[in-house]
Amino acid sequence: MRADSTSVRGGSSTPADSTSGRGSPLGIAVLDDYQNVAREFGDWHTLPPDAEVTVFDEHIADPEELVRELEPFGVVVAMRERTPFPAAVLRQLPNLELLVTTGMGNAVIDMATAAEQGVTVCGTGNGMREGAEWAPTAELTWGLILALARRIPEEDRSVREGGWQHTVGKDLLGGTLGVLGLGRLGSQVATVGRAFGMEVLAHSENLTEERARQVGARAVGKRELFAESDVVTVHVKLSERTRGLVGRAELDLLGPNSYLINTSRGPIVDERELLSALHEGRIGGAGVDVYEREPLPADDPWRGAPRTVLTPHLGYVSETVYRAFFTEAVEDVRQYLAGAPVRVLNAS
């Protein structure tokens, strides 16, 4: 289902006339608006009156279908990394002039090819107050930790089904929190861990003792982090260096009484090994917000994983973040149409 500027409707919509030049940038496609809130959080009414906005609230996974749907549009607004724009897709969108991504970076947009094709890529979100972009993910991280430790989903289900308490919670006070990646987000998580009375261990490639002490943590090696922690939470960026950073060896060190939390990116953790460890009881449980494939297929093995709390990549999905993303997305479009693009990510 899609929504134009005034109503919700099914089927394809026809944007503003795109017959001259590269096409009219007044046909604007907004992708992956799963919650149907893009129109609520963005001031689209400030665009020219002939701008027609088409909102796609369902993910388009097939590249060929994506090209068919987007071919008429001059502007595309992408939500983070939900829809990839590799060279093969960009080269089949001759009318595309402006590609807006929420956030000030997007690893699944081929920036060089966009520049070659004459497509300006602009970002959003750098106007948020300090910490606003990171706080929602840090908060969700603790939601997952608490849900696992106190078995909240299970007990909620039991109450609704007529039962009463049947689990024994895990204490955080006096336990050890391992933070893999002590950047801005990891630091917030570490600070809350201290507030819960946990010892905090931290590890990242270039972490110093001094930096760790600033947030009340102790810098350790990766092996010690996994061996000594009751909860390990992942907060590193996905790169070739971090892909598969958590595998069989790390999970075996974690052991059957400890939890793994991943709110960063799915491929940082070897999913096959994590699922195996959960099914075999080699770790206590996992809180997972990110996956190798998103959205999860209906038959994905994650949907039947035991001892897990699963969320659908909610880390950054909050009112403050969405309001900043969509407000600045509209500004990106407005400034581009005025000939003065802002927050350009692929400038030569």
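**Local packing and domain contact in the predicted model**

Leaving aside neighbours within four places in sequence, R282 is in contact with R248, L251, D252, G255, P256, E273, S276 and A277. The model described here is predicted. R282 sits in the loop that runs between helix 11 (271-280) and strand 13 (285-288). Its relative accessible area is 15%. R282 therefore counts as buried, the cut-off being under 20%.

With neighbours within four places in sequence set aside, the contacts of L201 fall on T176, L177, G178, V179, R218, V220, E224, L225, E228 and S229. L201 and G281 are separated by 80 residues in sequence, and their C-alpha atoms lie 24 Å apart in space.

The domain arrangement was examined next. The domain assignment of the protein divides it into domain 1 (26-126 + 320-338) and domain 2 (136-310). Taken over C-alpha atoms, the centres of domain 1 and domain 2 are 32 Å apart. Five residues from domain 1 and four residues from domain 2 make up the contact.

The size of an interface is often expressed as the accessible area lost when the parts come together. Between domain 1 and domain 2, about 290 Å² is buried. Carbon and sulfur atoms carry 50% of that area. On the domain 1 side, the residues that lose the most area to domain 2 are H59, E81 and V321. Together these three account for 68% of what the domain 1 side buries.

Polar and charged links between the domains were then counted. There is one salt bridge between domain 1 and domain 2. A salt bridge joins R265 to E81, with the closest N and O atoms 3.2 Å apart. One residue pair is in polar contact between domain 1 and domain 2, both residues being at pLDDT 80 or more. By class, the domain 1 side that touches domain 2 consists of two nonpolar, one polar and two charged residues.

Backbone geometry was considered last. Most residues other than glycine have a negative phi, and most peptide bonds are trans. The peptide bond from E294 to P295 is cis, with omega near -10 degrees. P295 is located in the loop between strand 13 and strand 14 (308-310).

The other two sites concern phi. N36 is not a glycine, yet its phi is positive, near 55 degrees. The loop between strand 3 (27-30) and helix 1 (38-41) holds N36. With a relative accessible area of 42%, N36 is partly exposed. R80, also not a glycine, has a positive phi of about 50 degrees. R80 is placed in the loop between strand 5 (75-78) and helix 3 (87-90). The relative accessibility of R80 is 16%, so R80 counts as buried.

Terms used. Residues are numbered from 1 along each chain as its sequence is written. This is a predicted model: local features need pLDDT of at least 70, side-chain atom pairs count only at pLDDT 80 or more; totals for chains, interfaces and linings use all residues. Side-chain values use heavy atoms; hydrogens and water are left out. Domain bounds come from an automatic or database domain assignment. Contact means heavy atoms within 4.5 Å. Buried area is the accessible area (1.4 Å probe) that two parts lose on being put together, summed over both. A salt bridge is a side-chain nitrogen of Lys or Arg within 4 Å of a carboxyl oxygen of Asp or Glu. A polar contact is a pair of N or O atoms within 3.5 Å; within protein, one must be able to donate a hydrogen and the other to accept it, and residues adjacent in sequence count only if both atoms are side-chain atoms. Ala, Val, Leu, Ile, Met, Phe, Trp, Tyr, Cys and Pro count as nonpolar, Asp, Glu, Lys and Arg as charged, and the others, Gly among them, as polar. Helices (H or I, at least four residues) and strands (E, at least two) are DSSP runs, numbered from the N terminus. Buried means under 20% relative accessible area, exposed over 50%, partly exposed in between (1.4 Å probe, protein chains only).
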